[in-house]
Amino acid sequence: MRRWKMLLALMLGLVVIAGCGNNGTVEETDEVEENEKATGEVIEIEWLAHPAYSLQSPGPERVEYLQNQIDAFEAEHGNVKIKPDVLSSNISEAMARLMEQAAQGRAPAIAQIDSYILPRFYDYLQPLDPLFEQAGLDIEDFFPFAQDIMRGPDGQIYGIQFTTDTRVLYYRTDVVDSPPATWDELFALSEQLKADGYEAFLFPGGRGEGTIVTSVLPFFWAQGGSLVDDQDQPAFGTGENREYMLNVLTFLHDMVQKGYSPQRLANYGSEGDLNSEVASGNVAMFIGGNWQVNQLAEILSEDDMAKWAVAPLPQREAGQQATTAGGWAWGIFTDDPVKQELAFDFLMRTFVGDEGMASWCTLGGYLPTRHSVYEHEAYEGNEFTDIFREHLAEFARMRPAATVYPEISTQLQIAVSDIVSGNKSPEEALEEAWNAVAK
Amino acid sequence: MTNLKLDYQQTSSAKVSIFKVLGNSPVPWLFPLAMILVFVFLYPIVDMIRLSFTNANLISAEYDYTLSSYLTLFTSSGFSRMILITLFFVFFSVLFQMLLGCLIALLIDQGVKRGLTGTVMVRTSVLSAWAIPGVIIGIIWSMLYNESQIGVINYMLHSFFGWSLPFLSDPNVALISVTLANIWRGTAFSMIMIYAGLQTLPRDIIEAAMIDGANAIKRLVYVVIPTLAPLLLINLIIITVDTFNTFDMVMALTGGGPGQSTEVIALSIYNRIFREFELGQGAATAVVLLAINTLMTIIYFHYMEKKQVVA
């Protein structure tokens, strides 16, 4: 008898487990949500953000700001709760997982998306034009590169880029009288700086996305190069694009071979890796991101920081100019119109509206994506903000959203670090990268 | 009527006997565990093998079944290089982890026997290297290996000898640097395994060898090592599989660079899937790693089986 009871209990347990996977549960949940809305019960808005942009941020000021915004939003709406969740801090991995969620219809109401990848999510994102209009938000106020990725192929708005960044030449004003505008000027200046005992010119040259967005693309684009063709297929290894890419790789190769840049750059995959070198006081110039102003201000004395200035990147020929822009965008995935409106309202007040963008960009040291926000009283930039803004308005471009881009980036990172370490010639490295991508 | 009754009784007794058999059997009790094992271990492996025969990626939900992932992997110029790099990394990591682990375990064992103070501290400090996550170890060693003026090792080399080493920027030196960091990380595990084995050595055999006039080296070679052989083999297999699967420390230390000079198989899988989003190719590489690990496990089971037969 006892055995019978045990078997019965086991069977019941299995039935309960099997019942958990029943589709009927999903329908029931939908019904419950409908009832909750009707009876004024809690509506949850899932908010998925990068750790630094979430309540788990290591910066107490950011957490305080976000918590205040959430509290105010929830107090205003009464029956609405923000349900926070965080992305993996590894951006590539986080975006891959979000794409998987979106493809399976499991994406949260709001998710943070690496801005250049936004076009890949168009199919899963909700159009925001009516909400933009309702909020009085003008897309023309955004920088041109941001408008390009926010608008889908059908002309509708599918995302909101709310932070951005750019790359420039940093130079020491006490050792560099006038920043070089071309590669020839850079070589001549570097020769003199090397003779004076300085590390003339640093750049990220290792395995990391920083190498591509900072040390390759601005120089490649400025010559007129394109990584992919109109069909989003790899194009950097053929025709004129090959010539432009080879020019860039040869330029980086020569900088190291002539001793103007150290071989150890082959191990620096991000712009931040250069900070410790700059702190040593022996670096004359480097190419880096705008966010490094705040980082360097923390590790350098006030006097040393005052020696640094920024300028446009030196290009192959005078008159050429390009730089890379990055940043983050928000996307709204929920197809529930009520949730869409609530999600947009939360984003507007916290990150996108005049005060929201001004406050958040000031707190995080980011560059706003809207022209008007730079004039807002709540926005505090730094002494170089006007130059960064000019770069963003006139020269900035975003990486291609083509699905083949991650592979192109990886292969070019391998090529650059092989060249910088002296392992391969520019021709060999480019050939190998092209063969790997165009296989 | 009577026949119907009999049929019912027979059917009923048959049902009872099924439940009786099931009630006496361990199967119903093991069933939930088996289901967990199937869904948590077996299903991912089967799915990975299935994906390796596709051109799936993480960007699009659509894919086709094809052998292109394997063809691309095996015909790429980087495949043989990746295998050679991995073999170098695994061989020297395992060799020195075993040797150093054995040496430290013998020293601690002798220290304990001689009543020296500080053996517990040595044991704990060595073991702490094993307890630190791989990513942290990568960051610690990248600080030690830093080639600029702030690098600890290069600062010392420059101070004493007037030269420094390109620990992470020279392709050949970088592979040695990564292997050294992994030896440091894994030595503790071997040490603790061998130390545990030394505690189980029969005293009388050692004493008999001493009476026969065997010196310390002969006792080690002809008595201690043969007695510990089963444990040493198991340790060898565990650390070999573990080293084949290592990617976190390498990722933090070099990211696989310069070029692909430190891209071991496990890191290549991570890069293919999470950086290039090539799920099919990543899965095909993972199947190669699975085959290597399975081979190691077969050797392990083969040895265990042999040992049981002997026993």
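Let me start with A:Ser190, which sits in helix α7 of chain A, residues 183-195, where a helix is a DSSP run of H or I with at least four residues, numbered from the N terminus. This is a predicted model, in which local features need pLDDT of at least 70, side-chain atom pairs count only at pLDDT 80 or more, and totals for chains, interfaces and linings use all residues. Residues are numbered from 1 along each chain as its sequence is written, chains are lettered from A and ligands numbered from 1 in the order in which they are written, and side-chain values use heavy atoms, with hydrogens and water left out.

Is A:Ser190 buried or exposed? A:Ser190 is buried, because its relative accessible area is 0%, and buried means under 20% with a 1.4 Å probe and protein chains only. If we set aside neighbours within four places in sequence, A:Ser190 is in contact with A:Ala200, A:Phe201, A:Met255, A:Tyr260 and A:Met285, contact meaning heavy atoms within 4.5 Å.

Now to a pair of helices, also in chain A: the axes of α9 (residues 239-257) and α16 (residues 405-420) come within 9 Å and cross at roughly 35°, axes being lines fitted to C-alpha atoms over the stretch in contact, with angles from 0 to 180 degrees between N-to-C directions. On the α9(A) side the contact is made by A:Met245, A:Leu249, A:Leu252, A:His253 and A:Val256, and on the α16(A) side by A:Leu412, A:Val416, A:Ile419 and A:Val420. By class, this contact has eight nonpolar, one polar and no charged residues, where Ala, Val, Leu, Ile, Met, Phe, Trp, Tyr, Cys and Pro count as nonpolar, Asp, Glu, Lys and Arg as charged, and the others, Gly among them, as polar.

Terms used: Helix = DSSP H or I, 4+ residues; strand = E, 2+ residues; numbered from the N terminus. Buried < 20%, exposed > 50% of the residue type's maximum accessible area, 1.4 Å probe, protein only.
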